[in-house]
Amino acid sequence: MSDLRITEAFLYMDYLCFRALCCKGPPPARPEYDLVCIGLTGSGKTSLLSKLCSESPENVVSTTGFSIKAVPFQNAILNVKELGGADNIRKYWSRYYQGSQGVIFVLDSASSEDDLETARNELHSALQHPQLCTLPFLILANHQDKPAARSVQELQLGFSHCPHLWRLAAQ
């Protein structure tokens, strides 16, 4: 066998090994879903998203305005628009609802009665908003580790005037 043939054979074997080990093609595309994450200031929206993105929860600062995070999962990517929860920002929430495919509502289960009432009203408004009313809602009762935290059952009773919430909780 000539040197040229041997070189061609080795190159071909290198090519096959390279293809077998490195070039299985691009990974299959994961579907992406656009979500909106809302809740009052201090409810834990930023901490939740930081944890889901494997970022350090240290130095978490309340969101002013909004932020967007891509949360990778094995089978999908969630593009989450986190909207600040301050009183002067909540009136602009609806401007960011367009294109959302789901809602995460984060509730501070250890909040004061006044804040709980405000959260109840904001959740009720979101459930009735034309761009959100048909979307899946995930309602998270955060801060369950705090001594003043209400149980999920207490929160369900407190939100009983929201018929949508009962339907969601029953599923």
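This is a predicted model: local features need pLDDT of at least 70, side-chain atom pairs count only at pLDDT 80 or more; totals for chains, interfaces and linings use all residues.
1. Serine 54, which follows α2, has a positive phi, near 60 degrees.

2. The structure holds five salt bridges. One of them joins arginine 90 to aspartate 87, with the closest N and O atoms 3.1 Å apart. These two residues are three apart in helix α3 (residues 87-90), so about one helical turn separates them. Arginine 90 counts as buried, at 13% relative accessibility, whereas aspartate 87 is exposed, with a relative accessible area of 60%.

3. Arginine 90 also forms a salt bridge with glutamate 122, again with a closest N to O distance of 3.1 Å. This pair links distant parts of the chain, since arginine 90 belongs to helix α3 and glutamate 122 to helix α4 (residues 113-128), 32 residues apart. Both arginine 90 and glutamate 122 are buried.

4. Within helix α4, arginine 120 and glutamate 117 are three residues apart, which means that about one helical turn separates them. Their salt bridge has its closest N and O atoms 2.2 Å apart. Arginine 120 is buried, with a relative accessible area of 9%, and glutamate 117 is partly exposed, at 35% relative accessibility. Elsewhere, salt bridges with shared partners join Asp87, Arg90 and Glu122 into one network.

How values were computed:
Residues are numbered from 1 along each chain as its sequence is written. Side-chain values use heavy atoms; hydrogens and water are left out. Helices (H or I, at least four residues) and strands (E, at least two) are DSSP runs, numbered from the N terminus. A salt bridge is a side-chain nitrogen of Lys or Arg within 4 Å of a carboxyl oxygen of Asp or Glu. Buried means under 20% relative accessible area, exposed over 50%, partly exposed in between (1.4 Å probe, protein chains only).
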